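This report covers model confidence, salt bridges and a nonpolar surface patch. The sequence and structure come first.

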Amino acid sequence: MRKPYAFTLGREYIEDLKREFRGYNGAAFSQDVMAGITVAAVALPLALAFGVGAGASAAAGLVTAVIGGLVISSLSGASYQISGPTGAMMAILLSLVAKEGLTGVLVAGFLAGILLVLAGLFRLGRIIAFVPSSVITGFTSGIAAVIALGQLDNFFGLQSEGDLALLKVASYVQTGALPDLQTTAIGLGVILLMVAWPKKWNAVVPSSLIALVAVLVFQGIFHWDVPVVGEIPRTLFLNDRLTLDNLNPLAWPKYMMPALSIALLSMVESLLCGASAEKMTDERLKSNRELVAQGVGNLVIPFFGGIPATAAIARTSVAIKSGCRTRLTGIIHSLILLLSMFILTPVMSAIPLSALAGVLMVTAWRMNDWANIRFIFSHRFKSGIAKFTITLAATVLLDLTQAIIIGVVFSLVLIVARMSRLEINIADVDNARLKEIGMGLDRVPDINEVRVVYITGTLFFGVVDRLKDKLRTMPHSDVIILSMRGVPVIDLSGVQALMELAEELKGEGTQLSVSSVQPAVMRYLERSGFLDIIGRDHLYPSAEQAILRSVDDKAPVVD
């Protein structure tokens, strides 16, 4: 009898823990401790800011970081994932708080946890492969804009009206409100300090923490009358928390759409975080288990009064760069944040709200995937530009819940319809066949010298992972020839995947060559700079001629 997938996940988790802590010693523990302290320094100001920015409280942000780090890091699909409140989630929650209050956020977060657990158990961990990179980039930029616009009240010391970000901005004009100069000066000072803080120093002491310390010192001297965070309770169990009385199943239907939005965003952001972190480590993220971990964490967090959590790319990156060895880094970072709740509460409660608004505005700016945006626009990929622009506009102009559902579901429908069209066949050099067409080799190459990969079908965002996985699992070859006669169309994600693959193979000492490229595909390869990576002399009219040149550099190439 076949065992349930949950049993497989549990067994995989135990095996990963054994491998992760094999040979663990005091030196490794000290690395985890130092990495945990560094991550906590980054997470503390962000947790406060995200809690306030989500329409909850600074304490709610801290509780989310503490519980999220303890629970999700313990169960995570990789040793390096750091979870907690994030800016992307904040954009959803701010609108939800305005409509349903904090209770609505807690219930929707709990329901999202259930959906995430089910997503992991139903093996939806590869969902990120079905979303075009330009759609994700546009959505991220849209969220960044919503975050920045949502902080204008705290930044200027004003009170806006309306649910959507642009409606709030429009209300300033209608009411003729004028900013409070002291409040605005503090927020502007935070922004300038964070922007001016050198990047090399930021790796040691985060600019957000330095900015808040500077503001607190300034306030201690001048005592400006500006709105502040207010009292932060020294407890993990906040007064406004989910109870069993709030979990009335009859009321669940009205929270299902926000819960689905929270779950989808958590899936996308957590899996993106893992994909980004994989490039910095040798450890692959177990995506389905990560979704279960995120689900369990979000089931637990509301009962403490926290807001929904997800994996955080910036904090995960800091953990890896700081020498993270195991998932203890995430747990230690949570324990340090918990300690700060009891020791630093009087200090944190005096932080001006405009200072946190400044932190969030800089964070929103840095959320944008500027490298990918430059790549899309500088190479004039029309489809990528269109997807990016439409997604960004939908995220800002529509209700964020609608934007997520429309963008993700539409992308998934298109991808599922086309997913099975790519065929990948790997072949060794067949000298007998070459002789039949009059291009035989004087010597038969060794089996690991040259291999030809025949690709048939559209090379687009939904299949690039299959191509990369196929080539990563094949035995090492000195030369890999991609025969692309059967590829009529390639998109931005396909080009980026080939560029990444070429760089990986170059690092392994393998030369990537391409042959039989169709004109439409060739234009994409030329515009992207892919041919410069592999070398234009490794572009061939046919696979046979590529084989001849690869085996014998002196062999003539027929034009």
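The sections below describe a predicted model.

## Confidence

The protein chain has an average pLDDT of 84, and 89% of the residues score at least 70.

Where pLDDT is low, the predicted coordinates should not be read in detail.

## Salt bridges

The count of salt bridges is eight. One of them joins the side chains of Glu20 and Arg327, at 3.0 Å from N to O. Glu20 belongs to helix α1 (residues 5–20) and Arg327 to the loop between α13 (313–321) and α14 (328–343), so the pair ties together parts 307 residues apart in sequence. Both Glu20 and Arg327 are buried.

Lys254 and Glu100 form a salt bridge at 3.7 Å, N to O. Lys254 lies in the loop between α10 (207–222) and α11 (256–278) and Glu100 in helix α4, 154 residues apart. Glu100 is partly exposed, with a relative accessible area of 32%.

Asp532 and Arg536 also pair, at 3.5 Å from N to O. Asp532 counts as exposed at 55% relative accessibility, while Arg536 is partly exposed at 46%. Elsewhere, salt bridges with shared partners join Glu12, Asp16, Arg19, Lys286 and Arg289 into one network.

## Nonpolar surface patch

Ile114, Leu118, Leu121, Phe122 and Leu124 make a nonpolar surface patch of about 440 Å². Leu124 sits in the loop between α4 (87–121) and α5 (133–150), and Leu124 is partly exposed, with a relative accessible area of 42%.

Terms used: Residues are numbered from 1 along each chain as its sequence is written. This is a predicted model: local features need pLDDT of at least 70, side-chain atom pairs count only at pLDDT 80 or more; totals for chains, interfaces and linings use all residues. Side-chain values use heavy atoms; hydrogens and water are left out. Patches are made of residues with over 30% relative accessible area and no salt bridge: like charges are joined within 9 Å, nonpolar side chains (Val, Leu, Ile, Met, Phe, Trp, Tyr) within 5 Å. Accessible areas come from the Shrake-Rupley method with a 1.4 Å probe; for residues, only the protein chains shown count as cover. A salt bridge is a side-chain nitrogen of Lys or Arg within 4 Å of a carboxyl oxygen of Asp or Glu. Helices (H or I, at least four residues) and strands (E, at least two) are DSSP runs, numbered from the N terminus. Buried means under 20% relative accessible area, exposed over 50%, partly exposed in between (1.4 Å probe, protein chains only). pLDDT is the predictor's confidence in each residue, from 0 to 100.
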